[in-house]
Amino acid sequence: MLAAGCWLVLRPFLTAILFAAVVCVSTWPLYTWLLGRLKGRRGLAAMVMTLSLLVMVVLPLALVAYSLAADVADAYAEAGTALAAGPPEPPTWLIKLPWVGAAIEEYWRHTFASRDALVALAGRFLEPAKSVLLAGGTVLGNGVIVMSLAVFISFFFYRDGEALMRSLETAMARIAGSDAPGLLATITDTVRSVAYGLLGTALVQAVAMAIGLAIAGVPAVLPLAVATVLLSVAPVGPPLIWGGAALWLFHQGATAWGVFMLLWGLVLVSGADNLLKPLLMSRGSSLPFLLVFLGALGGVLAFGFVGIFIGPMLLAVGFNLTRKWTARIQEPTAG
């Protein structure tokens with residue numbers, strides 16, 4: 001009954017606790033280095049780490065959530081103004097596409113010839129798009145709240161981390177016996193390798209995306225860069241960003257910049273995923289891509305926004321522990 005009561009009390013904060021634990025385990029070497037620089041003052045070192053997380057993680061997400069809500073309202077209003085102005089002309093680059101350009105132009109003029117047809121078409125796309133974007137903004141806002149709570153919890157994990165680790169080692173030794181140190185090492189290495197692989201690759205892709213967008217003159221660089229971080233778990237995620245930016249540039253008549261954006265995204269943004277992620281994740285986890293993908297999707301369903309990082313790490317720890325356990329079972333048989 002006591003265990004059940006403790007579970008009920010902590011259950012609303014489980015996501016924040018898990019995320020704080022993942023962040024602290026992943027950044028513990030940096031905290032140890034900072035602790036040495038501050039001459040062992042744990043409270044001050046924990047405060048510096050906590051404030052750094054607040055500035056580098058929570059604040060950008062909060063700005064993006066606010067920007068997304070404002071942009072959705074502005075885009076919806078501009079779409080209504082465009083409808084009132086009458087049917088637009090098809091983009092020149094679109095109708096010049098080989099093989100399909102003529103068919104697209106015919107469909108375009110047939111659809112936009114009637115105002116009623118135009119209004120009906122807009123109704124089919126605008127309202128669902130607005131609902132999806134607002135729902136995404138709500139999820140992002142909830143993620144900001146959870147991350148803020150996780151940052152608060154991480155202060156105590158940093159400050160009391162060594163005492164917590166000793167207690168955890170004692171508890172693990174009572175459960176797993178002499179295998180406890182190896183299990184803890186496996187868990188720590190797996191969490192760090194997956195965190196470095198996912199977050200490291202995501203940050204590199206986001207920086208490359210932001211530089212490319214800024215050079216090409218695409219607006220809303222910060223929200224698109226943060227969206228790159230969130231979508232980088234799946235290989236098809238970042239191409240949605242740089243591909244959409246390229247289409248926008250083509251629509252604006254900037255064909256050269258559109259081609260530049262395609263090449264930049266293909267080589268530097270998506271190329272970083274193929275190069276960095278396997279390299280960073282190879283140290284402690286050779287997690288199959290399927291588990292990374294399912295972990296991200298299932299993590300979002302189970303934990304909300306921050307589950308996109310928690311899910312793959314939980315599956316990675318379970319996968320590596322299971323693989324180690326089955327390998328140890330097979331050793332006597334092989335002998």
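A salt bridge here is a side-chain nitrogen of Lys or Arg within 4 Å of a carboxyl oxygen of Asp or Glu. By that rule, the structure holds 2 salt bridges, and we will come back to both below. This is a predicted model, in which local features need pLDDT of at least 70 and side-chain atom pairs count only at pLDDT 80 or more, while totals for chains, interfaces and linings use all residues. Residues are numbered from 1 along each chain as its sequence is written, and side-chain values use heavy atoms, with hydrogens and water left out.

## Overall picture

The protein has 13 helices and 0 strands, where helices (H or I, at least four residues) and strands (E, at least two) are DSSP runs numbered from the N terminus. Of its 335 residues, 35% count as buried; buried means under 20% relative accessible area, exposed over 50%, and partly exposed in between (1.4 Å probe, protein chains only). The accessible surface comes to about 19,100 Å², and 73% of this belongs to carbon and sulfur atoms. These areas come from the Shrake-Rupley method with a 1.4 Å probe, and for residues only the protein chains shown count as cover. Contact means heavy atoms within 4.5 Å. Among contacts between residues at least 6 apart in sequence, 71% join residues at least 24 apart.

## The cores

A nonpolar core is a set of buried Ala, Val, Leu, Ile, Met, Phe, Trp, Tyr and Cys residues joined through side-chain atoms within 4.5 Å. The largest one has 48 residues, and those with the most contacts inside it are Phe19, Tyr31, Ala45, Leu61, Met147, Tyr158 and Met313. Two or more residues each are given to this core by helix 2 (14–37), helix 3, helix 6 (115–159), helix 8 (180–216), helix 9, helix 12 (289–303) and helix 13 (307–334). Helix 2 provides the largest share, with 10 residues.

Which residues does Tyr158 touch, leaving aside its neighbours within four places in sequence? Its contacts are Val23, Cys24, Thr27, Trp28, Tyr31, Ala46, Met49, Thr50 and Leu53.

Beyond its neighbours within four places in sequence, Ile241 is in contact with Met209, Leu224, Ala227, Thr228 and Leu231. Leu224 is 17 residues away from Ile241 in sequence, and their C-alpha atoms are 6.9 Å apart.

In helix 9 (residues 221–231), the buried residues are Ala225, Val226, Thr228 and Val229. Seen down the helix axis, they fall within an arc of 150°, so they line one face of helix 9; the arc is that of the directions from the helix axis to the C-beta atoms.

Thr15 belongs to helix 2 and counts as buried, at 14% relative accessibility. Not counting residues up to four places away in sequence, Thr15 touches Val146, Phe303, Val306 and Ile310.

## The salt bridges

Side chains of opposite charge can pair when their charged atoms come close. The two pairs are set out here.

| Pair | Closest N and O atoms |
|---|---|
| Glu162 and Arg42 | 3.1 Å |
| Asp160 and Arg159 | 3.2 Å |

Glu162 is partly exposed at 35% relative accessible area, and Arg42 is partly exposed at 32%. In the other pair, Asp160 is partly exposed at 30% and Arg159 is partly exposed at 33%.

## The surface

Met47, Leu51, Leu54, Val55, Met56, Leu59, Leu63 and Leu222 make a nonpolar surface patch of about 740 Å². Patches are made of residues with over 30% relative accessible area and no salt bridge; like charges are joined within 9 Å, and nonpolar side chains (Val, Leu, Ile, Met, Phe, Trp, Tyr) within 5 Å. Helix 3 (residues 42–84) gives the largest share of the patch, 7 residues. Val55, found in helix 3, is exposed with a relative accessible area of 51%.

Finally, Lys39 is placed in the loop between helix 2 and helix 3. Lys39 has a positive phi of about 60° although it is not a glycine, and it is exposed, with a relative accessible area of 73%.
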